[in-house]
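Visitor: Hi, could you walk me through this one? I'd like to start with the ligand and then look at the aromatic rings.

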Amino acid sequence: MDYADSDPSPDAPAGEEGAASWQTDLSRAPAATKIVIAGGFGVGKTTFVGSVSEITPLRTEAVMTSAGEGVDDPDAVPGKATTTVAMDFGRITLDADLVLYLFGTPGQKRFWFMWDDLVRGAIGAVVMVDTRRLADCFPALDYFESGGLPYVVAVNHFEGTPRHEAGAVREALALAPDVPVLIMDARRRVGVVETLLTLVGRALDVSPGVPGVPGATGVPAARGAARGVNPA
Amino acid sequence: MTTAAPAPPATARVPAQARAAAPRRGGGPAVRRSARVRPYSLTGGRTRFGHVLLVETFVGAPAAPRAAGPGPDVPAPGPGGLASRVLPEARAILGLCRRLRSVAEVAALLKMPLGVVRVLIADLADQGRIRVYGSGHTPGRPDRALLERVLSGLRRL
Ligand SMILES: Nc1nc2c(ncn2[C@@H]2O[C@H](COP(=O)(O)OP(=O)(O)OP(=O)(O)O)[C@@H](O)[C@H]2O)c(=O)[nH]1
Ligand SMILES: [Mg+2]
């Protein structure tokens with residue numbers, strides 16, 4: 001929605017698509033919010049983003065230099081090491097004054113440095129799963145579980161591969177009963193929108209402000225207590 | 001359901017809650033953060049003067065007035081931040097930001113690493129040459145009102 005002009009503008013880099021109408025009024029900006037799409041390499045993150053984005057997904061890179069012990073990184077060499085992580089992201093203008101960004105990012109543990117930054121202020125995360133490589137999503141699940149960020153699991157079903165029921169996936173991933181699991185196809189917009197709706201619904205469920213819901217911090221009270229964590 | 005699909009690969013995953021008692025390498029998020037040195041550090045996503053620069057934060061810079069001497073595209077001389085010393089990049093950012101852009105869009109369109117772009121934008125913002133727009137909602141986890149707006153926006157897609 002809301003593409004005001006598609007004229008090439010001198011301010012637009014070559015190949016850039018037309019500006020959304022809110023981009024041309026610098027007196028005010030829409031509210032901006034984001035959802036993180038996480039999962040292993042090749043699971044379909046960029047495809048997912050591209051299925052709903054109003055712009056062709058853009059790619060950006062973060063470079064990170066680790067110094068010192070590299071306590072949590074088995075790949076870190078003593079002294080100094082550099083890690084580059086690429087993110088693909090897309091954009092959806094939900095309303096004249098509300099824009100949603102979708103950030104697709106790989107889930108390996110060595111990229112966690114970037115997630116701390118990326119998830120700040122996020123609505124939540126979609127953890128994408130390929131049942132042929134189930135273990136690829138473990139680090140992402142661990143990260144969002146321990147950080148208390150609302151998440152849903154989206155099984156990207158590749159046709160011609162065995163189709164698993166949500167319940168079986170839930171069990172194999174040791175998910176809490178209240179974590180939504182969807183079987184979907186990242187290439188199909190309708191399933192992607194459904195997944196996003198489910199995540200936002202989940203975020204509302206665990207958001208403070210509803211009487212009788214214990215998960216005021218985003219982590220169900222019992223689990224938070226059992227783990228002795230202080231949800232951020 | 002006519003055929004029973006084979007069970008997913010039986011890879012054992014120990015949920016985070018079950019591992020809480022076990023010692024964890026790195027000792028949790030606090031250590032994880034402090035043991036890292038970011039190449040260009042912004043504390044909590046904030047610039048020196050308190051602008052919040054998340055990946056989705058909008059920035060914009062109105063076009064420089066023409067023939068009026070050094071406009072905002074020309075950095076002020078004297079001691080400045082990184083943006084004053086890396087002129088072409090700072091100028092490219094200002095040019096791009098005549099349209100409203102998110103920080104991530106600036107990095108992607110200029111093919112510059114996110115961390116570098118954030119520091120340049122932070123410098124430009126601290127010098128008053130680029131405007132950093134508020135997120136339009138309270139910092140931290142989105143509140144219920146925002147989530148409801150996102151929900152109805154998605155339903156209209
Ligand atoms: N058949 C089928 N192919 C898919 C599906 N989703 C993605 N693909 C293909 O799988 C490949 C990988 O998808 P991407 O979206 O690039 O995956 P990614 O997670 O972004 O990959 P990386 O960024 O490299 O980690 C591409 O060739 C997609 O076209 C799907 O649901 N079905
Ligand atoms: Mg990708």
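Visitor: Which helix of chain A gives the most to the shell around ligand 1?

Guide: That's helix H1, residues 45-52, which contributes three residues. Bear in mind that this is a predicted model.

Visitor: And which residues come nearest to ligand 1?

Guide: There are 15 residues around the ligand, and the nearest are A:Lys45, A:Thr46, A:Thr47, A:Asn156 and A:Asp185.

Visitor: What does A:Lys45 do there, in terms of distance to an oxygen atom of ligand 1?

Guide: A polar side-chain atom of A:Lys45 sits 2.8 Å from a ligand oxygen. A:Asn156 also places a polar side-chain atom 2.8 Å from an oxygen of ligand 1. For A:Asp185, a side-chain N or O atom is 2.9 Å from a ligand oxygen. On its own, ligand 1 has 650 Å² of accessible area, and the protein covers 66% of that.

Visitor: Nice. How does the shell around ligand 1 split by class?

Guide: Seven residues are polar, four are charged and four are nonpolar.

Visitor: Switching to rings: how many aromatic pairs are there over all chains?

Guide: The count is nine. One of them joins A:Tyr143 and A:Phe144, edge-to-face, with the centres 5.4 Å apart and 90° between the planes.

Visitor: Are A:Tyr143 and A:Phe144 buried or exposed?

Guide: Both are buried.

Visitor: Which residues form an aromatic cluster?

Guide: A:Trp22, A:Phe89, A:Tyr101 and A:Phe103 form one together with B:Phe58.

Visitor: Last one: what lies over the face of A:Phe158?

Guide: That would be A:Arg132, at 4.8 Å from the ring centre.

Notes: Residues numbered from 1 in each chain as written. Chains lettered and ligands numbered in written order. Predicted model: local features only at pLDDT ≥ 70, side-chain atom pairs only at ≥ 80, totals over all residues. Heavy atoms only, no water. Near = heavy atom within 4 Å. Polar contact = N/O pair within 3.5 Å; in protein donor to acceptor, adjacent residues only side chain to side chain. Areas by Shrake-Rupley, 256 points an atom, 1.4 Å probe, with all protein chains shown as cover. Helix = DSSP H or I, 4+ residues; strand = E, 2+ residues; numbered from the N terminus. Nonpolar A, V, L, I, M, F, W, Y, C, P; charged D, E, K, R; others polar. Phe/Tyr/Trp six-rings, centres within 6.5 Å; stacked < 30°, edge-to-face > 60°. Buried < 20%, exposed > 50% of the residue type's maximum accessible area, 1.4 Å probe, protein only. Lys NZ or Arg CZ within 6 Å of the ring centre and 35° of its normal.
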